[in-house]
Amino acid sequence: MGSATGMFDANQPGNGSEANKPAGNSTAWLPDSKESDALNDGEQQIIEAGEAKYHRLGWRGLTIMLIVEAIGLGALSIPSAFASLGMVAGVLCCVGIGLIAIYTSYVIGQVKLAFPAVRHYGDAGALLMGSFGSELFTAMLILQLIFLTGSNCLTGTIALRHITDSGICSIIFSVVSAVILLLLSIPSSFADMAFLGYIDFASIVAAIGITIIATGIRSTNSTGLDAVDWSALPQGDPSFSDAFIAITNIVFAYTFASCLFSFMDEMHTPRDFTKSIWSLGILQIVIYTVTGATIYAFVGQDVQSPALLSAGNLVSKVAFGIALPVIFISGAICTIVAGRLIHGRIYEKSVTRYINTTKGWITWLVLITVLTIISWVIAEAIPFFDDLLSIISALFTSGFSFYLPPIMWFVLIRKGKWYSKENLLISIVNFLVFIFGLVVLVGGLYSSIQDIRNNYRTGNVRGAFSCGAVE
């Protein structure tokens, strides 16, 4: 990575040209001079207020938004991944995948700087494959965001059921989770949500800290740390599916690249994005590695997922209560990103797109309600934590965070031949990252499907849309 600094200076379009700009809905609508003349003062004020509303994010705000999206559910699945992979492979995967995620996010940011009209991943798809790419990438992005909200809804259900220690039907808790997610999705501006990011970050760090301390104390008081059955290498001859689900859960923990275009579009100084991705990337690597290694070392092979369940009955209730903000705020952010994308396409050439009129607010509320309901259906249809995260990683994170950024580097911002002296090393890096993304796509999807089938066959999980305990 160090010798690839030439790439880090590529702030201008490489192979891209004016002809490569996104077509159709890929360019933000602003009236030209003739259209401005036809607008009345009220509409002009709405446009000016809307543009000001959606361009207030600084690099610190971007970092907070990325933290909200990234550091949450992923951290809760890391210790069980260590139990499947062993300590050595777990640490290597956390650090290695984290560094790859930082690099691919850098590539995405460079594409945004080179093509400022790109507002989301769908616009990047238009640059690569025209209107088909736009529709394909947009659909993938919306589906990923809906699945992510669904995973937060599922985690909320687990948390509420565990906190209350109630035998009430799980569907009731899932409906409550969905309603909370919907209410938090009402603000439409990322800048308006940024202040919640501080609560979100404090929430997950405190919950993880409590779990680490509690598991350490329990282990010391019961059998002693020397008796914990953790291992440097995998134990019990884990199956391919078990090992790959562990890897995809770590991949899921670094799933922040898909929203980077959208967040950067609200920045007042987009070039500052590098400060954000380095701050977030290093923070993630440290938190995930420490969380996975310490909780696995304290609990051993019996570590549960989400990891907060391993802290003991009383302490885990406290930890889940503290973690509720991160569970629901992170999910709401995903709904907002998906809603903004869809709402902007529906009202592309209308002041309604700014969501600062009566019509804009009504359509926004209807839209986020529909998205939340779909997310709730997914949470009920796939009611097992690790497998749902693995499916999201395989179908979406593999592309948005890994195999698509190398393609964008090669097609959109590469300068000169790929095999030139200046590009050869970075070309090899991009090729390896591309292969890694494809392996996650195929292996992760296969492993998730196999594990879901095995769980249903052995009766280890409750059925979809049932009142049983949530795993």
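At what angle do the axes of α5 and helix α9 cross? Roughly 35°. The two axes come within 10 Å of each other. Keep that pair in mind. We will come back to it.

A word on what you are looking at. This is a predicted model. The chain has 471 residues. It contains 15 helices and zero strands. Of the residues, 57% count as buried. Now take the contacts in the chain with a separation of 6 or more. Residues 24 or more positions apart account for 85% of them.

Back to α5 and α9. Helix α9 covers residues 240–253. α5 passes α9 in a right-handed crossing. Which residues meet there? From α5, we have Gly-90, Cys-93, Cys-94 and Ile-97. From α9, we have Ile-247, Ile-250 and Val-251. Sort that contact by class. You get six nonpolar residues, one polar and no charged.

Next, α5 has another partner. Helix α5 runs over residues 87–114, and helix α11 over residues 273–299. Their axes come within 10 Å and cross at roughly 165°. Angles over 145 degrees count as roughly antiparallel. So α5 and α11 are roughly antiparallel to each other. This crossing is right-handed. On the α5 side, they include Met-87, Cys-94, Gly-98, Ile-102, Tyr-106 and Leu-113. On the α11 side, they include Phe-273, Trp-278, Ile-285, Tyr-288 and Ala-297. By class, the contact of α5 with α11 holds 17 nonpolar residues, seven polar and no charged.

Let me stop at one of those residues. Tyr-288 is found in helix α11. Is Tyr-288 buried or exposed? It is buried, because its relative accessible area is 0% and the cut-off for buried is under 20%. Now look across to Ile-250. Tyr-288 and Ile-250 are 38 residues apart in sequence. In space, C-alpha to C-alpha, they are 8.6 Å apart.

That brings us to the core. The largest nonpolar core has 107 residues. Which residues have the most contacts inside it? Tyr-121, Ile-250 and Tyr-254. Helix α6, residues 121–164, gives the largest share of this core, with 15 residues.

Take Tyr-254 from that trio. Leave out residues up to four places away in sequence. Tyr-254 then touches Cys-94, Ile-97, Gly-98, Ala-101, Gln-284, Ile-285, Tyr-288 and Ser-401.

Now helix α6 and its packing. The axes of α6 and helix α12, residues 313–346, come within 8 Å. They cross at roughly 155°. So α6 and α12, too, are roughly antiparallel to each other. What is the handedness of the crossing of α6 and α12? Left-handed. The residues of this contact divide into 18 nonpolar, 12 polar and three charged.

Start with Ile-392, in helix α14. Ile-392 is buried, with a relative accessible area of 0%. What is it in contact with, leaving aside neighbours within four places in sequence? Gln-144, Phe-147, Leu-148, Ser-151, Phe-252 and Thr-397. Ile-392 and Asn-249 are 143 residues apart along the chain. Their C-alpha atoms are separated by 9.1 Å.

The other is Phe-256. Phe-256 lies in the loop between α9 and α10. At 0% relative accessibility, Phe-256 counts as buried. Phe-256 and Phe-400 are 144 residues apart in sequence. C-alpha to C-alpha, the pair is 8.9 Å apart in space.

Last stop, another loop. Where does Lys-417 lie? In the loop between α14, residues 385–413, and α15, residues 424–458. Lys-417 is exposed, because its relative accessible area is 53% and exposed means over 50%. Ser-427 is 10 residues from Lys-417 in sequence. In space they are 9.7 Å apart, C-alpha to C-alpha.

Phe-256 is buried, whereas Lys-417 is exposed. Find both in the structure above. Thanks.

How values were computed
Residues numbered from 1 in each chain as written. Predicted model: local features only at pLDDT ≥ 70, side-chain atom pairs only at ≥ 80, totals over all residues. Heavy atoms only, no water. Axes fitted to C-alpha atoms, helices over the stretch in contact; angles between N-to-C directions. Helix = DSSP H or I, 4+ residues; strand = E, 2+ residues; numbered from the N terminus. Parallel < 35°, antiparallel > 145°, perpendicular 65-115°, else oblique. Left-handed = near helix turned anticlockwise from the far one by under 90°. Contact = heavy atoms within 4.5 Å. Nonpolar A, V, L, I, M, F, W, Y, C, P; charged D, E, K, R; others polar. Core = buried A, V, L, I, M, F, W, Y, C linked by side-chain atoms within 4.5 Å. Buried < 20%, exposed > 50% of the residue type's maximum accessible area, 1.4 Å probe, protein only.
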